[in-house]
There are 2 protein chains.
Amino acid sequence: MALIVQKYGGSSVADANGVKRVAKRIAESKRAGNDVVVVVSAMGDTTDELIDLANAITPLPPSREMDILLTAGERISMSLLAMAIANLGVEARSFTGQQAGVITDDVHGKARIIDVTPSRIQAAIDDGAVAIVAGFQGVTQHTNDVTTLGRGGSDTTAVALAAALKADVCEIYSDVDGVFTADPRIVPSARKIDRINYDEMLEMAASGAKVLVLRCVEYARRYNVPIHVRSSFSAHPGTMVMNYEPAEGADEGADVEQPIIAGVAHDSSEAKITVVGVPDVPGTAAHIFEVVAGSGANIDMIVQNVSAAATGLTDISFTLPASDGTLAMAALSESQDEIGFASLQYDDTIGKLSLIGAGMKSHPGVSARLFAALSAAGINIEMISTSEIRISVVTRSDQLADAVRAVHTAFDLDSTEDEAVVYGGTGR
Amino acid sequence: MALIVQKYGGSSVADANGVKRVAKRIAESKRAGNDVVVVVSAMGDTTDELIDLANAITPLPPSREMDILLTAGERISMSLLAMAIANLGVEARSFTGQQAGVITDDVHGKARIIDVTPSRIQAAIDDGAVAIVAGFQGVTQHTNDVTTLGRGGSDTTAVALAAALKADVCEIYSDVDGVFTADPRIVPSARKIDRINYDEMLEMAASGAKVLVLRCVEYARRYNVPIHVRSSFSAHPGTMVMNYEPAEGADEGADVEQPIIAGVAHDSSEAKITVVGVPDVPGTAAHIFEVVAGSGANIDMIVQNVSAAATGLTDISFTLPASDGTLAMAALSESQDEIGFASLQYDDTIGKLSLIGAGMKSHPGVSARLFAALSAAGINIEMISTSEIRISVVTRSDQLADAVRAVHTAFDLDSTEDEAVVYGGTGR
């Protein structure tokens, strides 16, 4: 008998029929002899509708009140799901984030979980009941105020509960069959990955794969919670995210289950800022990035050109989420005299491709193969950054899809069969 | 500076514009120098929509889950209202029933308040903020489960908070201008009552006046909380419900402010059961009403005919809410042999008219005038019951409206001016 934490996203419980379908699945897991704890998101478009309501009231809703408003969504889905399960003859009890013991800091709108004390959930399990927990929400430690966890919050709730309950597995259900070697909307021949380790999944998530958010994978890695990413619309096994180190000295021939490359991620949500004519003296780059960080922007890749000997000036380019662009440009502009650069350039027509695989650590020639594939496809590389298990390149945004397809093929990731897949984001 | 508890019903906050209008009113009360605590119901049809959702899932939703579902409605309205007030530059914080310290028993769906410990509300007041509290909900003392208070729950929340906070007044806002001498939909010349005491209001509520529910008035009387019933759509003063004893020996001439009769209530939601051919021996009536009470039905009026000397048999009739009719009939039918009656008759085409007024205690002739008015209007009286400040009669349901108009006129309650009034129920 296993203890399973299951998380269902909003698309899985979009309407009454969806709730009933999910309830059937949960009842089957329970009847198969498992202890089941379920984390559920708000139904379909509920969250957007609540946000619209708030915007009809005020352009700047206080974040504490916004959190109270939004958590109404999970209150509805969790009670309906508990009713639907009870209707199938299986005892079910729903719990708010507070009742489930999800304690957070007090940053409304994007609170972080600081502790999980699921004594009521454990009691429900011990009584033989299915516990349904509202995803995406918690309560502050001292003031007992309701918080929401921000994007990917329900996935994180599920992993945090699985860790606290020492669950055998955390199943994350959405409308996607699992983690793919690339976004199937761009690469129709993308393959579902059967097994991927935490480090690779972290790099995939950080590089634009939307099926799991970074913080959820980080939490799972820290507490060693195996995640099973799968679809609530089919019975197919999905992708296992777990500790899984390649065997020593293994190569492609020795273990076909263990490819060098896990997948190709892409991200077209970044922008590039170039600081032109920067004095090439120690401390200038540090000054620039202090200013950018002070604006609240997250810097991703950085490239510094070789300085022109004649002038002693250089250019520094970096990428950042396009949503942070305005703030960073304003902050830099304000500090122009102090830093002493000539001008700023802003470019939001860039795309980032990332090749990810723990296997590349021990395989020389991966970058050469990547650059050759892009070159053969006529794609120019503007920036490069690497980690032990990832190579990222920046291209023109209108060439990004071609680049992903070329690299996917070059690393033998294309599926040989014609799989029908559905792919999409998991909301929250 | 006064401490005011205001309660707004669902019709007052039916949409974003309603929320903004109410927010403006609250901000004005606050800016006028008052401390303001607001209790709010769910927006417009939210509760019905949530019930529809539950019914789409299962015909018999577990009551604990139903309570969690329904309380989502107030969560939405209270946070939106707090946002709207903040948008006007007045600090506002919303609180769930639990956060507001509304402790109830564990009867889901119709919980009773057993204690109110509003320390967080008091703290918000002390900080100069408006506190917004979710009506209709509380939390169980030991298990921390969410409960709902049933019909009129938000009004009761408001009065209970007003009592616990020792507020100067509890203002109950709806789409009605106050308490009227009769339902203006039936009696267009009905007058708004300026002042009514608790006992009269209790009798009005118990006799079918829908503007305040009985339990709310009972709570207010026990803790001596003055209630101001008024409309959120106008600035007119409404009706004060408070301790207000007529001066000794006062009569109509001496005090025109203090009429003998407060109003005429009507109720067409009752049914009449007649137990035919009951042995006229001691203990039989007691037996019948034990059986009916055991079925969970609330008995209202009772009439026992004079027994026929020849047979030693009599008939016993009583009224009860029509919604309890099926249960009571089934229980009596099962006990037919034991009680020994001949047959049962069920009649749900009755109407009840009640004349209410503390002044009638000291005024003889009130019942004579009532019976004369009904007789002149050609209306037959089927049952009569009286208290010190109320006379109720049962008529045919299709004659009830005529009866109310005739009695309203006979007791000089008709307004001389042409007032435009809106009248309706207050939901919850």
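Reader: How are α5(A) and α7(A) oriented to each other in this predicted model?
Author: In this predicted model, helix α5 (residues 153-164) of chain A packs with helix α7 (residues 214-223) of chain A, their axes 8 Å apart. The angle of the pair is about 10°. Angles under 35 degrees count as roughly parallel. The orientation of α5(A) and α7(A) is therefore roughly parallel.

Reader: Which residues of α7(A) make the contact with α5(A)?
Author: On the side of α5(A), the contact is made by A:D155, A:T156, A:V159, A:A160 and A:A163. By class, the residues of this contact divide into seven nonpolar, one polar and two charged. From α7(A) come A:R215, A:C216, A:Y219, A:A220 and A:Y223.

Reader: Which strands stand at the edges of the open sheet of four strands in chain A?
Author: The order in this sheet is β13-β18-β20-β19 (chain A), and the pairing is antiparallel. A strand at the edge has a single partner strand, so one side of it is left without a neighbour in the sheet. The edge strands are β13 (263-267) and β19 (383-387) of chain A.

Reader: What angle does the direction of helix α6 of chain A make with that of β18(A)?
Author: Helix α6 (residues 198-206) of chain A packs on the sheet and touches β13, β18, β19 and β20 (390-396) of chain A. Its direction and that of β18(A) make an angle of about 170°.

Reader: Which helix of chain A lies across β13, β18 and β20 of chain A?
Author: This helix runs at about 15° to β18(A). It spans residues 400-410 of chain A and is α12.

Reader: How many of the residues of helix α6 of chain B are buried?
Author: A residue is buried if 20 or more other C-beta atoms lie within 10 Å of its own. In α6(B), the buried residues include B:Y198, B:M201, B:L202 and B:A206. For helix α6 (residues 198-206) of chain B, the count of buried residues is nine of nine.

Reader: Which element gives the most to the side of chain B that touches chain A?
Author: The contact takes 28 residues from chain B and 28 residues from chain A. On the side of chain B, the elements that give two or more residues are α1 (16-31), α2 (46-57) and α3 (63-86). The residues of that side divide into 18 nonpolar, seven polar and three charged. With 13 residues, the element that gives the most is α3(B).

Technical notes: Residues are numbered from 1 along each chain as its sequence is written. Chains are lettered from A and ligands numbered from 1 in the order in which they are written. This is a predicted model: local features need pLDDT of at least 70, side-chain atom pairs count only at pLDDT 80 or more; totals for chains, interfaces and linings use all residues. Two residues are in contact if their C-beta atoms, placed from the backbone, lie within 7 Å. Ala, Val, Leu, Ile, Met, Phe, Trp, Tyr, Cys and Pro count as nonpolar, Asp, Glu, Lys and Arg as charged, and the others, Gly among them, as polar. Axes are lines fitted to C-alpha atoms, for helices over the stretch in contact, and angles run from 0 to 180 degrees between N-to-C directions. Angles under 35 degrees count as roughly parallel, over 145 as roughly antiparallel, 65 to 115 as roughly perpendicular and the rest as oblique. A residue is buried if 20 or more other C-beta atoms lie within 10 Å of its own, exposed if 12 or fewer, and partly exposed in between; C-beta atoms are placed from the backbone. Two strands pair if DSSP finds at least two bridges between them.
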